[in-house]
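The sequence and the structure come first, and the notes follow.

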Protein chains: 2
Amino acid sequence: MEYNRLNAVKEVQNKLYDDNTIYDLAELYKVFGDSTRTKILISLEISPLCVDDIALCLNMTKSAVSHQLRILRQAKLVKPDKRGKEVYYSLDDEHVSSIIECGLDHIKEGK
Amino acid sequence: MEYNRLNAVKEVQNKLYDDNTIYDLAELYKVFGDSTRTKILISLEISPLCVDDIALCLNMTKSAVSHQLRILRQAKLVKPDKRGKEVYYSLDDEHVSSIIECGLDHIKEGK
DNA sequence: ATAATAGTTGAACAATTATTCAACTGAGGT
DNA sequence: ACCTCAGTTGAATAATTGTTCAACTATTAT
């Protein structure tokens, strides 16, 4: 019993030591962990949108939206497409939607 | 073209207005968005552990770990099991692992 | 060229939050 | 009963972070 417990601790310590993707994982989820950004992502699931339209949908200033889009861009969750004066943003890949769905599954069941 | 754009905005606004799970979703991901908590979750994927052992694995104080476990408990991501003096924590359900896997998929591919 | 519109950026401010410290609760062993 | 060990809790501190404001770039229209 005591033996297994120490074994588990050792195994966990090795795992945590080796796995440097844990920080990347936390960083990724931190990006999803703000309602403004999740709103933007869910909006872009419906259609690509320019910054002004996103601001209109969320009832926020362009500036605030632009700041959040920068964070989403850096996390490679959205990608910009400049068309004339406007910059249209869309989801970077289908992973984004699947991560959102994954979270919704937990919410619907658990609670 | 302009017509479709306005249509998209309306559709997004309706979606955001109806969907009050967006805040729950952001709250859920906020919990994952801290490396201490993701370390705890990944540790518990390997084995149920008592608070002292988690603290040992993460090289943190019991107090700090306990504070984070409280947050994980409230989010229904871990569940406590009191055995005598010790409290063993384990993952609340299999959703937790699948959310972690979902994030790792994005990291591995994207970059 | 000039004006107007779309978007980005940096500094500042307010709010949130993770960790530490100390005090406390409760179970087990002597 | 007493002491010890495991865990929780609340207040305080330090760090992070989201939004605002103002200034700036770049593209389109007159």
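How many residues does helix H2 of chain B have, and what distance does it reach from its first C-alpha to its last?

## A helix of chain B

The model is predicted. Helix H2 of chain B runs over residues 21–32 and has 12 residues. From its first C-alpha to its last it reaches 17 Å, close to the 16 Å expected at 1.5 Å a residue.

The buried residues in H2(B) are Asp24(B), Leu25(B), Leu28(B), Tyr29(B) and Phe32(B). They lie on the same side of H2(B), because they cover an arc of only 130° around the axis.

## How the two protein chains are related

Chain A is superposed on chain B by a rotation of 180° with 0.0 Å of shift along its axis, and the RMSD is 0.0 Å. The two copies are therefore related as by a two-fold rotation axis.

## Where chain A touches chain B

In the contact between the chains, 43 residues of chain A meet 43 residues of chain B. On the side of chain A that touches chain B, two or more residues come from each of helix H1 (2–18), helix H2 (21–32), helix H3 (35–46), H4 and helix H6 (94–110) of chain A. H6(A) provides the largest share of this side, 12 residues. By class, this side of chain A has 21 nonpolar, 12 polar and 10 charged residues.

Of the interface residues of chain A, 98% are also interface residues in chain B, so the copies meet through the same surface.

## The surface near DNA strand C

Around DNA strand C there are 24 residues, of which Cys50(A), Val51(A), Asp52(A), Ser63(A) and Ser66(A) come nearest. At least two residues of this surface come from each of helix H4 (51–58), H5 and strand S3 (86–91) of chain A, and from H5 of chain B. H5(A) gives the most, with 6 residues. The surface near DNA strand C divides into 7 nonpolar, 9 polar and 8 charged residues.

## The surface near DNA strand D

DNA strand D has 24 residues around it, and Gly84(A), Cys50(B), Val51(B), Asp52(B) and Ser66(B) come nearest. Chain A supplies at least two residues of this surface from helix H5 (62–74). In chain B, helix H4 (51–58), helix H5 (62–74) and strand S3 (86–91) each supply at least two.

Here H5(B) gives the most, with 6 residues. By class, the residues of the surface near DNA strand D are 7 nonpolar, 9 polar and 8 charged.

Key: Residues are numbered from 1 along each chain as its sequence is written. Chains are lettered from A and ligands numbered from 1 in the order in which they are written. This is a predicted model: local features need pLDDT of at least 70, side-chain atom pairs count only at pLDDT 80 or more; totals for chains, interfaces and linings use all residues. A residue is near a molecule or strand if its C-beta atom, placed from the backbone, lies within 6 Å of it. Helices (H or I, at least four residues) and strands (E, at least two) are DSSP runs, numbered from the N terminus. Ala, Val, Leu, Ile, Met, Phe, Trp, Tyr, Cys and Pro count as nonpolar, Asp, Glu, Lys and Arg as charged, and the others, Gly among them, as polar. The expected span of a helix is 1.5 Å times one less than its number of residues. A residue is buried if 20 or more other C-beta atoms lie within 10 Å of its own, exposed if 12 or fewer, and partly exposed in between; C-beta atoms are placed from the backbone. The arc is that of the directions from the helix axis to the C-beta atoms. Copies are superposed by least squares on the C-alpha atoms of residues with pLDDT of at least 70 in both. Two residues are in contact if their C-beta atoms, placed from the backbone, lie within 7 Å.
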